[in-house]
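This report looks at how the chains of a model meet one another and at what lies inside it. Please have the sequence and the structure open while reading.

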There are 4 protein chains.
Amino acid sequence: MAHRQSDPAPDPTRRSERSRRAIYDAALALVGEVGYPKTTIEGIAARAGVGKQTIYRWWSSKADVVMEAFLDLSEQAAEAARAAGQESYALPDTGDLAADLKLVLRATVDELHDPAFEAPSRALAAEGVVNEELGRRFVAKLLEPSLQLYVDRLRSAQAAGDVRADIDPRIALELFVSPLAQRWLQYTGPISYEYTDTLVDYALNGLAPR
Amino acid sequence: MAHRQSDPAPDPTRRSERSRRAIYDAALALVGEVGYPKTTIEGIAARAGVGKQTIYRWWSSKADVVMEAFLDLSEQAAEAARAAGQESYALPDTGDLAADLKLVLRATVDELHDPAFEAPSRALAAEGVVNEELGRRFVAKLLEPSLQLYVDRLRSAQAAGDVRADIDPRIALELFVSPLAQRWLQYTGPISYEYTDTLVDYALNGLAPR
Amino acid sequence: MAHRQSDPAPDPTRRSERSRRAIYDAALALVGEVGYPKTTIEGIAARAGVGKQTIYRWWSSKADVVMEAFLDLSEQAAEAARAAGQESYALPDTGDLAADLKLVLRATVDELHDPAFEAPSRALAAEGVVNEELGRRFVAKLLEPSLQLYVDRLRSAQAAGDVRADIDPRIALELFVSPLAQRWLQYTGPISYEYTDTLVDYALNGLAPR
Amino acid sequence: MAHRQSDPAPDPTRRSERSRRAIYDAALALVGEVGYPKTTIEGIAARAGVGKQTIYRWWSSKADVVMEAFLDLSEQAAEAARAAGQESYALPDTGDLAADLKLVLRATVDELHDPAFEAPSRALAAEGVVNEELGRRFVAKLLEPSLQLYVDRLRSAQAAGDVRADIDPRIALELFVSPLAQRWLQYTGPISYEYTDTLVDYALNGLAPR
DNA sequence: TTGTAATCGAGACGGTACGTCCAGTCTTCGA
DNA sequence: TCGAAGACTGGACGTACCGTCTCGATTACAA
């Protein structure tokens with residue numbers, strides 16, 4: 001980072017779009033093929049047919065490059081989904097909260113098993129654990145928007161009387177989202193539809209007898 | 001690891017205890033001072049006053065060294081706790097499940113804020129995210145034993161009728177443990193007594209109106 | 001040089017005199033301040049407030065730029081000398097050959113000690129040793145004209161009977177000029193008035209007893 | 001150079017002779033093949049099958065490496081000559097000074113035309129022009145020993161009455177050696193047997209009529 | 001009690017990647 | 001239309017570590 005400050009700051013309007021795209025592609029391809037630790041700036045540059053300086057000019061670290069590459073990928077995916085008529089900016093709301101949550105969590109389970117997403121997102125999550133700044137960026141850009149959808153759905157459920165009014169939705173969603181996240185991140189247990197269904201049931205009804 | 005196979009297998013009985021201790025100390029000190037990524041085998045060896053080969057002879061990677069060092073530290077801490085009369089092999093069981101869980105989680109909150117534990121455990125957690133073998137070892141050695149205590153306490157609560165009998169305690173515990181873990185690992189939110197108390201309440205009583 | 005061919009040949013009439021001057025000044029200043037090897041095209045351009053392309057358009061290499069800059073400096077110096085009434089296009093001819101040569105060589109000794117000339121001329125001489133094309137240009141433009149003055153003076157001496165008629169003046173001058181040059185270039189010995197006086201004496205009278 | 005001082009100084013007794021030889025060979029081969037400026041440390045290391053650090057550990061610069069490689073080559077050549085019965089530690093002394101000098105200078109002319117010696121010695125001479133420290137080393141190790149032979153021969157000539165007693169041999173030798181050196185270094189003129197013969201004649205007999 | 005075989009500290013080795021600097025080319029924009 | 005500005009590909013720089021490989025010098029066990 002320090003080395004960037006000293007430079008006279010490059011002019012973003014003259015930036016080569018071609019290079020940026022090539023760098024994103026190379027970065028994601030390498031992370032997928034050889035894993036994040038063996039992915040090197042030098043390797044990305046070579047694969048992208050780009051000078052190393054072009055990477056160092058616009059990004060401050062390998063984590064930064066991979067992060068933006070992944071962000072870009074997500075945006076493209078979102079764009080594609082939007083174009084395909086899907087609305088990814090809201091959870092389904094059939095009136096049956098449990099069913100809706102289970103559905104969405106099952107989709108998340110599938111996504112977590114998709115190898116195209118797994119390598120870079122694990123890498124970024126790991127980096128974020130140890131690098132607070134990047135971690136917060138990762139959360140703000142990638143995680144929080146998804147979590148917000150749960151907040152919205154839970155509020156709707158509160159309006160319908162399906163969730164107690166005094167519940168904080170931002171915390172409530174963690175009851176079923178965080179366990180899944182932890183199992184995936186830390187290999188603390190297997191991930192399955194049955195598991196996520198169970199989480200929803202437990203979370204909605206509580207552990208204590210009613 | 002591969003490089004170990006080629007060696008004629010070192011004789012553990014002739015191992016220098018002095019060196020091992022020095023290596024553990026150096027490893028933890030460096031992780032604390034300069035962070036895990038800037039901690040190098042070479043640096044550990046120099047700091048420990050030890051030849052590099054002595055490290056490579058007994059460990060297969062930096063992650064391995066730091067892992068064992070941290071394990072050793074934890075064991076010492078546990079030992080010290082035991083010596084001080086505390087029993088860390090069981091959760092309190094006052095009959096009030098909610099209160100017992102809140103108490104233990106508050107202690108965990110404190111631990112997570114302890115800088116001596118934070119650097120190495122974050123580093124290992126991060127490494128484990130990306131390195132499945134190490135991740136599983138980390139969980140098995142450090143996480144699972146603690147989680148087992150929750151399982152025991154929940155079973156006791158089931159026997160007392162405070163938790164429904166059809167609940168799987170291994171999953172149930174994740175409702176309040178995983179959210180805390182995720183907030184700590186991924187900076188998805190602040191960590192406080194109030195937060196963990198809320199988690200316990202939500203988990204025990206559920207989100208749906210009763 | 002090759003890269004010049006590809007360009008559509010720049011139009012010298014539209015060349016910016018301002019830029020050329022600035023480039024000469026910057027080049028000589030940098031060679032003086034940081035030495036020839038650390039002088040870079042980029043540095044010259046920045047110091048001259050000029051685009052790199054402006055340099056590459058008119059010169060083929062760093063050596064080329066410095067060469068022309070130095071040539072320009074020499075011409076200016078010659079001009080100034082001429083303006084001051086000195087005639088630098090001929091050696092003194094008092095009738096006493098030995099005295100005349102000693103005088104001129106002493107002036108050369110002084111010049112070789114002048115730091116303003118030393119850095120760039122050493123740099124160019126060095127470059128010329130290894131780069132024949134540039135070396136020959138250096139000699140033709142800078143050295144040969146001076147040597148010609150010795151040739152003229154020696155011819156005049158031959159006419160006066162002070163030098164044998166069968167002597168080749170172009171070779172003869174090397175007897176006292178080359179030793180001085182070598183001592184300066186290669187640090188093979190100290191340079192002083194006494195030394196050059198001795199050279200003249202030895203050269204004129206020979207080593208063998210008469 | 002600075003970076004060497006900071007290191008704790010490597011242990012010369014543990015140095016790899018194999019690597020040193022390979023580095024010398026690679027350096028000389030590259031200088032011969034692509035020229036000194038295009039010879040890089042990286043290239044030498046690759047060609048020698050050696051890590052770059054092994055070069056930086058023992059030498060402070062490219063010039064240093066090439067210098068020692070050339071020195072080593074010269075020593076080997078001298079050794080070989082010695083083994084072949086030649087005595088390179090003295091000039092011939094037939095009693096005819098002029099003939100002896102002409103003979104030796106003709107041999108020098110041949111040597112200067114030998115491409116195996118030309119590339120590295122030009123490179124080192126050039127470097128020495130601009131780098132005083134290296135220049136002096138070059139002279140002391142390579143030039144001065146040869147010049148000393150001339151001094152010896154001239155003294156012998158003085159004893160025989162063939163050279164005036166008041167002549168300083170160290171300066172006298174420059175009358176025929178330096179012109180040759182300058183023509184070779186700076187391309188100030190062609191080099192031939194006839195030329196060196198002429199130099200000897202002029203120097204011994206002087207330019208003035210007798 | 002004395003070899004003798006292993007481990008030990010030390011650090012040189014062949015390598016890979018780092019982050020920087022500059023070469024030489026190409027593109028944009030203002031005068 | 002040229003020149004300043006500077007982004008671009010490319011490649012060498014000198015450094016830091018990697019993991020392997022000798023080296024003596026302890027050191028502890030078996031003879």
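## A proline within a helix

Two residues are taken to be in contact when heavy atoms of theirs lie within 4.5 Å. The model discussed here is a predicted one, and in it Pro145(C), leaving out residues up to four places away in sequence, touches Val139(C) and Ala140(C).

Pro145(C) belongs to helix H8 of chain C, which covers residues 132-160. Looking along the chain, the C-alpha atom of Pro145(C) is separated by 15 Å from that of Gly135(C), the two residues being ten apart in sequence.

## Where chain A meets chain B

In this interface 49 residues of chain A are in contact with 49 residues of chain B. The two chains bury about 4,600 Å² between them, and 63% of this area is on carbon and sulfur atoms. On the side of chain A, the residues that lose the most area to chain B are Val129(A), Tyr187(A) and Leu207(A), which together account for 17% of what that side buries.

Two salt bridges are found across the interface of chain A and chain B; in a salt bridge between these chains, the side chain of Glu174(A) meets that of Arg183(B), with 2.8 Å from N to O. Residue pairs in polar contact, with both residues at pLDDT 80 or more, number 22 between chain A and chain B. On the side of chain A that touches chain B, at least two residues each come from helix H7 (115-130), helix H8 (132-160), helix H9 (169-172), helix H10 (174-186) and helix H11 (193-205) of chain A. H10(A) gives the most to this side, with ten residues. By class, the residues of chain A that touch chain B divide into 27 nonpolar, ten polar and twelve charged.

## Where chain D meets chain C

Between the other two chains, 49 residues of chain D are in contact with 49 residues of chain C. The area buried between chain D and chain C is about 4,600 Å², with carbon and sulfur atoms giving 63% of it. In chain D, Val129(D), Tyr187(D) and Leu207(D) lose the most area to chain C, and together they make up 18% of what that side buries.

The count of salt bridges between chain D and chain C is two, and a salt bridge joins Glu174(D) to Arg183(C), whose closest N and O atoms are 2.7 Å apart. There are also 22 residue pairs in polar contact across this interface, both residues being at pLDDT 80 or more. Which helix gives the most to the side of chain D that touches chain C? H10(D) does, with ten residues, and by class that side of chain D has 27 nonpolar, ten polar and twelve charged residues.

## The nonpolar cores

The largest nonpolar core has 96 residues, of which Tyr150(C), Phe176(C), Leu207(C), Tyr150(D), Phe176(D) and Leu207(D) touch the most other members. Leu207(C), apart from its neighbours within four places in sequence, is in contact with Tyr202(C) and with several residues of chain D, including Val163(D), Ile167(D), Leu175(D), Phe176(D) and Leu204(D).

A second, separate core of 95 residues has among its members Leu112(A), Val66(B), Ala172(B) and Trp184(B).

Definitions and conventions:
Residues numbered from 1 in each chain as written. Chains lettered and ligands numbered in written order. Predicted model: local features only at pLDDT ≥ 70, side-chain atom pairs only at ≥ 80, totals over all residues. Heavy atoms only, no water. Buried area = accessible area lost by both parts, 1.4 Å probe. Salt bridge = Lys/Arg side-chain N within 4 Å of Asp/Glu carboxyl O. Polar contact = N/O pair within 3.5 Å; in protein donor to acceptor, adjacent residues only side chain to side chain. Helix = DSSP H or I, 4+ residues; strand = E, 2+ residues; numbered from the N terminus. Nonpolar A, V, L, I, M, F, W, Y, C, P; charged D, E, K, R; others polar. Core = buried A, V, L, I, M, F, W, Y, C linked by side-chain atoms within 4.5 Å. Buried < 20%, exposed > 50% of the residue type's maximum accessible area, 1.4 Å probe, protein only.
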